[in-house]
Amino acid sequence: MSLTNDQLQTVAHLARIAVEPEWTEALRSDINGILDQASRLDDPRLNELEPMAHPLDQVQRLRPDSVTETDQRETLMEGAPAQEQGLFLVPKVIE
Amino acid sequence: MSQFAIPSGWEVVIGLEIHAQLATRSKIFSGASTAFGAEPNAQACAVDLGLPGVLPVLNEGAVRMASLFGLAIDAEISRVSSFDRKNYFYPDLPKGYQTTQLARPIVVGGSVTVTTGEGKKAKEHTIRVTRAHLEEDAGKSLHEDFHGMTGIDLNRAGTPLIEIVSEPDMRNPEQAVAYARKVHAIVQYLGICDGNMQEGSFRVDANVSVRPEGDEALGTRTEIKNVNSFRFLQRAIEFEIERQVDLLETGGEVVQATRLYDPDRDETRLMRTKEEADDYRYFPCPDLLPVVLDDETIESWRAELPELPDAKADRYQSEFGLSAYDAGVLTSSRATAEYFEAVIAREGSDAKLAANWVMGEVAALLNRLECEIGECPVPAEKLADLLERIADGTLSNKLGREVFEALAEQGGSVDEIIEARGLKQISDTGAIEAMVDEVIAANPGQVEAYRGGKDKLFGFFVGQVMKAAKGKANPQAVNEVLKRRLDGN
C-alpha cells in the first residue's frame with residue numbers, strides 16, 4: 001500500500017492539518033510504514049475471526065435515565081475566547 | 001390539493017431517513033437535561049462540550065426506547081451493538097465527531113405497512129426498514145449577527161436520536177408521506193418521541209431518484225433535507241421528481257447531491273455535491289464498549305408495548321363496525337385515538353356517532369383554529385355530554401352542532417348551553433300535535449290538494465311545523481304526527 005501526494009493532502013485537509021510542502025516526503029514515508037503494518041490484517045486467516053469493536057472483552061455499563069448535571073454554564077464558559085448572551089461565539093460558518 | 005402526477009414513462013424511487021429525538025430525561029452519554037427551551041448552554045455539561053478527559057456513559061433509557069421502536073416494527077433487536085465515530089468539523093459538534101452506530105446498529109430490519117387512497121381505491125404497501133441506529137444530536141448554530149460571528153448553543157448536543165433508514169421501497173410522494181406519518185404515529189404511540197416537527201424532534205430526509213419505467217438500475221439520487229412538515233415533504237418530493245425528469249428529458253443528467261427544500265419558494269436548492277461531501281473516516285469508538293442485551297431484557301421491553309396504530313384500527317373495525325378508512329383516520333395519531341376513546345368511554349355511548357363527530361365537527365374546528373387535537377377547545381368529556389343529549393333525543397344533530405359551536409367559543413357545560421339558548425328539542429307529542437293541528441287549520445287548500453294525491457306537499461307541512469317550532473321540533477315525531485293527521489287516521 002502506498003499513499004500518493006494527493007491522497008496525503010486530502011487526508012491532511014480532512015484532519016484540518018496544514019502540511020508544509022517540505023514535510024510531504026517524510027510524512028508519506030511514515031504513513032506508508034504504518035499502512036504496511038496495518039495491511040497485515042489482510043491475512044486471509046483473519047477472515048474467520050469475528051471483528052472486535054473493542055480490545056477489552058467487556059460489556060458497556062448503562063446509566064439510569066436521570067438528570068444528574070446542574071447548570072455550570074458560567075464555569076464551563078470561562079475558557080471560551082468569545083461569548084455573548086450565553087452563546088459561544090465562533091468565526092462565522094455558512095454552509 | 002396538488003395537481004401533481006408522475007410524468008408518464010418514468011418510475012420514481014424514494015427512500016426516507018428519519019431522525020427522531022428520543023424522549024429521555026437526560027442525554028445519551030451524559031446526565032445533562034434534554035428539556036426544550038432552556039437558556040443557551042445551561043444544559044451542556046463537560047461531556048456534551050467534549051472537554052478533554054471526559055468519558056461517555058450510555059443512557060439505558062435511550063437503549064430501551066430504540067429497542068421499543070424495533071419491537072414495534074417487528075425488527076430484530078441486536079444482542080450486540082456498538083458505537084462508531086463519524087468525523088467532521090463543525091462548531092456545533094464540539095468533539096469533532098458524532099458518536100453513532102455504523103457497523104452494528106441496535107435495530108435491524110422490520111417493516112411498516114401504510115395505506116394510500118381511500119374506499120375502493122385504498123392500497124396497502126409494505127415499506128421495509130433497513131435499520132435504526134442510536135446516535136447523538138449536534139448543537140445549534142445561530143447565524144444572526146453577533147458582530148460577524150456565529151453563536152453556538154450546545155443544549156441540544158448529545159440529545160439521543162434514532163435514525164430510521166428505509167429501503168427505497170416507495171414509488172410516489174403519497175407513499176412516502178404515508179410512511180413518514182406512520183413512523184411518526186408509532187414513535188408517539190410508544191411515547192419515545194414527542195413528534196414535534198417544528199421544534200425538530202422529528203426530521204425527515206428524502207432520497208429521490210427517477211428511472212425509465214421498466215429499468216432495473218436505479219437512477220442517480222439526490223437527498224432532500226430541511227423538510228419540517230408532511231405537506232412540505234410531499235411538495236419537496238414532487239418538485240424534485242419534476243426537476244429530475246425535466247433534466248433527463250432534455251439531455252441533462254442528475255448530479256448526486258444534497259439539496260435543501262425552501263418552503264417559501266417551493267423548490268429545492270443545491271447544498272453540496274457528492275464530490276464536496278465529507279469523508280467521515282468512521283472508526284469504532286474506543287470510549288464505548290459493545291452494548292449487550294439479553295433475551296430477558298428484550299422480552300421485558302416487549303411486554304411494555306402499547307396497542308399500536310394498526311392493531312387499534314383493526315379493533316375499531318371489528319369492535320365498533322367502523323370502516324377501514326375511518327378507523328385509519330381515528331388511529332392516525334395517538335392524540336386523536338385518545339380523544340376518540342375518551343368520548344366513547346361512557347357507558348351506552350354510540351361509537352359510530354362519536355366517530356362521525358370527531359372526524360367531522362372536531363376536525364373542522366381544529367382545521368379552522370389551526371390547532372392540534374390535544375389543544376381542542378371542546379374536551380372529549382364535553383363532546384361525550386353533547387352526544388349523550390343527541391342520543392337521548394334532547395338535541396337534534398343540527399342543534400347539537402349549535403351547542404358544539406357554543407362550547408368551542410365560550411366553554412360552559414352542555415346542559416347550561418341548552419338551557420340558556422332554549423335549544424331543547426321538542427319531542428313532547430302533545431306539543432307537536434298542537435302545532436300540527438294549527439298548521440293544518442291554517443292551510444286548508446294545501447290539505448285538500450295533499451289528500452287529493454299531491455304527495456309532494458308533505459314537505460311543505462313539515463317545513464311549516466318546523467317554522468312554528470323554530471326548528472326545535474323532533475323531526476321524526478313531526479313526521480309521524482303529520483302523517484297520522486293528514487292521512488286521517
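This is a predicted model: local features need pLDDT of at least 70, side-chain atom pairs count only at pLDDT 80 or more; totals for chains, interfaces and linings use all residues.
The lining of the largest cavity is made up of F29(B), V47(B), D48(B), D92(B), L93(B), P94(B), K95(B), E136(B), D137(B), A138(B), A157(B) and G158(B). By residue class, this lining divides into six nonpolar, one polar and five charged residues.

The second largest cavity holds about 30 Å³ of space. Its lining takes in A53(A) together with S82(B), F83(B), P284(B), C285(B), L288(B), L289(B) and P290(B). Seven of the residues in the lining of the second largest cavity are nonpolar and one is polar, with no charged residue in the set.

Side chains of opposite charge can pair when their charged atoms come close. In chain A, the side chains of E25(A) and R28(A) meet in such a bridge, with an N to O distance of 3.4 Å. Both residues belong to helix 2 of chain A, where they stand three residues apart, about one turn of the helix. E25(A) counts as partly exposed because its relative accessibility is 46%, a value that lies between the limits of 20% for buried and 50% for exposed residues.

The side chains of E11(B) and R171(B) meet in one of them, at 3.6 Å from N to O. This pair links strand 1 (residues 10-21) of chain B, which contains E11(B), with the loop between strand 12 (160-166) and helix 3 (173-190) of chain B, where R171(B) is placed, and the two residues are 160 residues apart. E11(B) is partly exposed at 24% relative accessibility, and R171(B), with a relative accessible area of 28%, is likewise partly exposed.

A further bridge in chain B joins R346(B) to E388(B), whose closest N and O atoms are 2.7 Å apart. Here too the pair links distant parts of the chain, with R346(B) in the loop between helix 8 (334-343) and helix 9 (351-369) of chain B and E388(B) in helix 10 (residues 380-391), at a separation of 42 residues. R346(B) is partly exposed, its relative accessible area being 31%, and E388(B) counts as partly exposed at 36%. Beyond these pairs, salt bridges link E307(B), K312(B), R315(B), E319(B) and E341(B) in a network.

On the surface, L41(A), L46(A) and L49(A) form a nonpolar patch, and together these leucines have about 310 Å² of accessible area. L46(A) is located in the loop between helix 2 (24-38) and strand 1 (62-63) of chain A, and it counts as partly exposed, with 33% relative accessibility.

Positive phi values were also found in residues other than glycine. R16(A), which is not a glycine, has a positive phi of about 55°. This residue lies in the loop between helix 1 (5-14) and helix 2 of chain A, and R16(A) is partly exposed, with a relative accessible area of 47%. In chain B, phi of H147(B) is positive and near 50°, again in a residue other than glycine. H147(B) occupies the loop between strand 10 (140-146) and strand 11 (149-153) of chain B, and because its relative accessible area is 60%, H147(B) is classed as exposed.

Methods
Residues are numbered from 1 along each chain as its sequence is written. Chains are lettered from A and ligands numbered from 1 in the order in which they are written. Side-chain values use heavy atoms; hydrogens and water are left out. Patches are made of residues with over 30% relative accessible area and no salt bridge: like charges are joined within 9 Å, nonpolar side chains (Val, Leu, Ile, Met, Phe, Trp, Tyr) within 5 Å. Accessible areas come from the Shrake-Rupley method with a 1.4 Å probe; for residues, only the protein chains shown count as cover. A salt bridge is a side-chain nitrogen of Lys or Arg within 4 Å of a carboxyl oxygen of Asp or Glu. Helices (H or I, at least four residues) and strands (E, at least two) are DSSP runs, numbered from the N terminus. Buried means under 20% relative accessible area, exposed over 50%, partly exposed in between (1.4 Å probe, protein chains only). On a 1 Å grid over the protein atoms alone, a cavity is a set of points where a 1.4 Å probe fits but cannot get out, and a pocket is an open set with protein on both sides within 12 Å along at least five of seven lines; lining residues have an atom within 4 Å of a point. Ala, Val, Leu, Ile, Met, Phe, Trp, Tyr, Cys and Pro count as nonpolar, Asp, Glu, Lys and Arg as charged, and the others, Gly among them, as polar. Grid points are joined across faces, edges and corners, and a volume is the space filled by probe spheres set on the points.
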